[in-house]
Amino acid sequence: MKDSTRGVLLVTARTIIAAACVAAVVVARTTVGWDSLAIMLVALAVLLGVLASYNRRFR
Amino acid sequence: MAGPAARRRGSGPFVLACLLPALVLFVLFMIVPTVNVFRMSFYTWSGFSPDMRFVGLDNFVRLLDDTQFVRAFQNTVALLVVVTVVTMGMGLFLAAIMTRQRLRGRTLYRFVLYVPSVLSVVVIAAIFSALYDQENGLINGTLRLLSLDGLRQVWLGDQDIVLWSLAIAMVWQSLGYYMVLYMSGMASIPEEVYEASALDGASAGRQFFAVTLPLIWQNLRTTLTFFVMSAVNLSFVLVRAMTGGGPDGSSEVLLSYMYKQAYTNSSYGYGMAIGVVIFAFSFLVSLLVSRATRREPLQF
C-alpha cells in the first residue's frame, strides 16, 4: 500500500473513531447508571488514545 | 576570592528567605485545604455542629448507590467531551481564518468574539436565561415569528436538552478566549514557512495540518488542560446561575452536586467525598491529556 493511501486511511479511521466516541458520550448520557457512565469514560479514554496515536509520530 | 560553589552556598539562605512567603501562602491556601478535603471525606459532619464522627469509607460507599451523583458525573463527562471538541474545533477554525485570510473587518470580528470572555459568567447566565426564555426569549420569539412553532422548546426546562443549552452558553463564553490563544500561536509562525510549503504545492488545508497545527502544539496542550478545568469549574457557575441543577437534577454537574450536599444538605463529609472524586477525576484526565500530547517543542 502506498504511503499516501495509508495516511488517508489512518486519518479517516481516526476521525471515524473520534466521532463515534463523541456520539457514544452523547447517547450514553441519556441513561442514568454506572454502566452508562463506564461507557462514557471508556469513550473519553479512547478519544485520548486517538490523540496519543496521532501524536506518537511527532514525539 | 570565593568560588562558584561557595557563592551558591552563600546565596542559599537569601533564596530561601525570598521563597518563604510564597511557600507559606502555598501551604496555607493550597496544601492545607486539599488535605482537609481528603480528611473530612472520612467523617460525617453537618457543617455547623461541633459533632464530627469518623465513618471511614462510608461516604464513598454511599456514592455507589447515589443515582444523582452518577447523573452529575455523566453530565460533567458529557460537557467535558462535547464542549472541548466543539470549542477547540471552532476556535482553531476561526483562528486560522482570522490569521491566514485577509478578511475585511477582521478586528471587529475578533472583538465581537472575544467580548464574552471579558464578561462575568453570571452576566452570561443572565443573557442566556433571557435568550432561552420560554415565552419572550429571543430563540422562541424568532421561531414564532418564522411560524416554526413546532421547533419551540422549553430550553431550560426540558430534561433532554437542558444540558446542551448550558453547553452552548459554555462554548459561547470561552470560544473567543481560545481563539485569541490560538491566534497568538499562529501569528508567531514565520510567513516563510507558509511560502515554502506553498512552493511545494501544499493547499490551505494541508498547510493547516502540516504546518500550523504542529507549530502551535504547545498552545493546544495548554488549552486542553484548561478545557478539563473549565468543564468542572465553569459549568458549576453556569448551572448555579441558570438552572440550579434542575429540572429534577438533570443539569446537575459534579461540583454543583458537591456544593449542594456540603452546604445545602448539611452533609459536609459526603460533599467532601464527592470533592475527592472530582479531584481524582480532574487530576487523572489532566495527566492523561498531558501524556497523550507530549512532544518535543519545534524550534522555528
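**View 1. The annotated transmembrane regions of chain A in the predicted model.** In an unreviewed UniProt entry, the annotation "transmembrane region" is given to residues 7-28 and 34-54 of chain A, and the structure on which these spans are shown here is a predicted model. Residues 7-28 of chain A are 100% helix and 0% strand, with 31 Å between the C-alpha atoms at the two ends. Residues 34-54 of chain A are likewise 100% helix and 0% strand, and here the end C-alpha atoms are 30 Å apart.

**View 2. The side of chain A that touches chain B.** Where the two chains meet, 19 residues of chain A are in contact with 16 residues of chain B. Helix H1, which runs over residues 3-28 of chain A, and helix H2, which runs over residues 34-56 of chain A, each supply at least two residues of this side of chain A. The largest share comes from H2(A), which gives 11 residues to the side of chain A that touches chain B. When the residues on this side of chain A are sorted by class, 14 are nonpolar, 3 are polar and 2 are charged.

**View 3. The annotated transmembrane regions of chain B.** For chain B, an unreviewed UniProt entry places the feature "transmembrane region" at residues 12-32, 77-99, 111-132, 161-180, 224-243 and 268-289. One of these spans, residues 111-132 of chain B, is 86% helix and 0% strand, and its end C-alpha atoms lie 24 Å apart. Another, residues 161-180 of chain B, is 95% helix and 0% strand, with its end C-alpha atoms 30 Å apart.

View 4. Chain B holds 12 helices and 2 strands, and, read from the N terminus on, its elements follow the order α-β-β-α-α-α-α-α-α-α-α-α-α-α. The radius of gyration of chain B is 24 Å, whereas the globule rule gives 19 Å for 300 residues, and because the value for chain B is well over that figure, the chain is more spread out than a compact globule. Taken along the principal axes, the box filled by the C-alpha atoms of chain B is roughly 90 × 75 × 30 Å.

**View 5. Burial and contacts within chain B.** Of the 300 residues that make up chain B, 31% count as buried. If one considers the contacts in chain B between residues at least 6 apart in sequence, 69% of them join residues that are at least 24 apart.

Technical notes
Residues numbered from 1 in each chain as written. Chains lettered and ligands numbered in written order. Predicted model: local features only at pLDDT ≥ 70, side-chain atom pairs only at ≥ 80, totals over all residues. Contact = placed C-beta atoms within 7 Å. Helix = DSSP H or I, 4+ residues; strand = E, 2+ residues; numbered from the N terminus. Nonpolar A, V, L, I, M, F, W, Y, C, P; charged D, E, K, R; others polar. Rg over C-alpha atoms; globule rule 2.2 N^0.38 Å. Buried ≥ 20, exposed ≤ 12 C-beta atoms within 10 Å, placed from the backbone. UniProt positions renumbered as here; feature names shortened; annotations may be inferred.
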